[in-house]
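Hi there,

Here is the structure I promised to pass on to you. Have a look at it first, and then read on for what I found in it.

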Amino acid sequence: MILEFTAAKIAEIAFGGMIEGGAGKLTEIAIEKVNLLRQKIWNKLRGNPDAERAIKAVEQGSKSELVQVTEYLQACMVKEPAFAEEIQIMAKEIQISNTQDNSRTQTFQDNEKVYYAEKVDAQDVQFGDRINPG
């Protein structure tokens, strides 16, 4: 199976939220999957002191160490294609689950009201409103 996720993209998905100061706009489902992906990477790199140090630095917000984590991850992906495929699939699932949830709700606003439209299915859209205080 050929997937488009490189080690750099996977490392960004797994650890990027830590550098940016949190999960950002990830959905709850995506956050759970990110945690699983991060743990999978941790387990694979465990035992390599330099990789462990780099991951710990990234978890503390070091953007420069993300390059090191990417290099260690790339080496593991080349050495173990089954591991590479597994984490690529996990990364793709995270991207899909986050994209799907973000596309569910749209906001429309006029002068006094904010309207929320949630896509339920292709033929049914529900509207709700909230009065925007002053």
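**What turned up**

Of the contacts in the chain with a separation of 6 or more, 51% are between residues 24 or more positions apart; contact here means heavy atoms within 4.5 Å. Please keep in mind that this is a predicted model, in which local features need pLDDT of at least 70 and side-chain atom pairs count only at pLDDT 80 or more, while totals for chains, interfaces and linings use all residues. Residues are numbered from 1 along each chain as its sequence is written, and side-chain values use heavy atoms, with hydrogens and water left out.

The chain has five helices and three strands, in the order α-α-α-α-α-β-β-β along the sequence. Helices (H or I, at least four residues) and strands (E, at least two) are DSSP runs, numbered from the N terminus. Of the 134 residues in the chain, 29% are buried. Buried means under 20% relative accessible area, exposed means over 50%, and partly exposed is in between, with a 1.4 Å probe and protein chains only.

Now to the packing of α2 and α4. Helix α2 covers residues 28-45 and helix α4 residues 64-79; they pack at an angle of about 80 degrees, with their axes 11 Å apart. That angle makes α2 roughly perpendicular to α4. The label covers 65 to 115 degrees, with under 35 counted as roughly parallel, over 145 as roughly antiparallel and the rest as oblique. The axes are lines fitted to C-alpha atoms, for helices over the stretch in contact, and angles run from 0 to 180 degrees between N-to-C directions.

Which residues meet there? From α2 come Ile41, Lys44 and Leu45, and from α4 come Tyr72, Leu73 and Cys76. The residues of this contact divide into five nonpolar, no polar and one charged. In that count Ala, Val, Leu, Ile, Met, Phe, Trp, Tyr, Cys and Pro are nonpolar, Asp, Glu, Lys and Arg are charged, and the others, Gly among them, are polar.

Next comes α3. This helix spans residues 49-59, and Ala51, Glu52, Ala54, Ile55 and Val58 are buried in it. Seen down the axis of α3, the buried residues fall within an arc of 160 degrees, so they line one face of the helix; the arc is taken from the directions from the helix axis to the C-beta atoms.

Asn48 sits in the loop between α2 and α3 and caps the N-terminal end of α3, with a side-chain oxygen 3.1 Å from the backbone nitrogen of Asp50. Asn48 counts as partly exposed because its relative accessibility is 28%. Asn48 and Tyr72 are 24 residues apart in sequence and 9.1 Å apart in space, C-alpha to C-alpha. After α3 comes Gly61, with a positive phi near 105 degrees.

Leaving aside residues up to four places away in sequence, Glu65 touches Arg53, Ala54, Ala57 and Val58. Val78 is also found in α4, but counts as exposed at 59% relative accessibility. Val78 and Ala7 are 71 residues apart in sequence, and 9.8 Å separates them in space, C-alpha to C-alpha.

Best wishes

Note on methods:
A polar contact is a pair of N or O atoms within 3.5 Å; within protein, one must be able to donate a hydrogen and the other to accept it, and residues adjacent in sequence count only if both atoms are side-chain atoms.
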